[in-house]
Amino acid sequence: MAGQVVGQIILIVDGLPVIHLKSLDYTVNTNRELAVGMSPTGTPIGHSEGTKEYELEIEVYVPSTGDLQWEDISNGIIGLMPRDGGVLAPLFTGCFTTKVGTSFQEKGSSIRKISMGATLKVGLG
């Protein structure tokens, strides 16, 4: 496989230690809408532009002590930390929590599932 492996996905919030994420899934809602007009052919005339919304789903391991108040997180940055210890490559900024859930399993680690929104998508093309 050519190229380098990306590295770790992390969440940075002012005043808190760096949080390593188990997973990150995101969706972009464009909020575009079909523009129906009075065209001679009876077909739509185009679409209207909307404001993009970024919905993030992250998973973190539940620590045995010192868990965070996840519902209070706002203005965080989610980014990629290269394996070589280089500069953080931000992916989303202005991250805020919208929903928090926890999953416990008999074998394996306990996982916290967190839904977030973001104000800006910076990376990932």
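These legends accompany several close-up views of the structure above.

The model is predicted, so to speak of a local feature we ask for pLDDT of at least 70, and side-chain atom pairs count only at pLDDT 80 or more, while totals for chains, interfaces and linings use all residues. Residues are numbered from 1 along each chain as its sequence is written, and side-chain values use heavy atoms, with hydrogens and water left out.

**View 1. The largest nonpolar core has 19 residues.** Here a nonpolar core is a set of buried Ala, Val, Leu, Ile, Met, Phe, Trp, Tyr and Cys residues joined through side-chain atoms within 4.5 Å. Buried means under 20% relative accessible area, exposed means over 50%, and partly exposed is in between (1.4 Å probe, protein chains only). Leu11, Leu56, Ile78, Phe92 and Met116 touch the most other members. At least two core residues come from each of strands S6 (53-61), S7 (76-82), S8 (89-103) and S9 (111-118), and S6 gives the largest share, four residues. Strands (E, at least two residues) are DSSP runs, numbered from the N terminus.

**View 2. Leucine 11 and its contacts.** Leaving aside residues up to four places away in sequence, Leucine 11 touches Val18, Ile19, Leu21, Trp70, Ile73, Gly76, Ile77 and Ile78. A contact means heavy atoms within 4.5 Å.

**View 3. Tyr26, Tyr54 and Phe92 form one aromatic cluster.** Rings of Phe, Tyr and Trp (its six-membered ring) pair if their centres lie within 6.5 Å; planes under 30 degrees apart count as stacked, over 60 as edge-to-face and the rest as tilted. The structure holds two aromatic pairs. In one of them, tyrosine 26 and phenylalanine 92 have ring centres 5.0 Å apart and planes at 65 degrees, so this pair is edge-to-face. Because tyrosine 26 lies in strand S3 (residues 23-29) and phenylalanine 92 in strand S8, the pair ties together parts that are 66 residues apart in sequence. Tyrosine 26 is partly exposed at 31% relative accessible area, whereas phenylalanine 92 is buried at 0%.

**View 4. Asparagine 31 has a positive phi.** Most residues other than glycine have a negative phi. For asparagine 31, phi is near 60 degrees. This asparagine 31 sits in the loop between S3 and strand S4 (33-35), and is partly exposed at 28% relative accessibility.

**View 5. Asparagine 75 also has a positive phi, about 60 degrees.** You will find asparagine 75 in the loop between S6 and S7, where the residue is exposed, with a relative accessible area of 56%.
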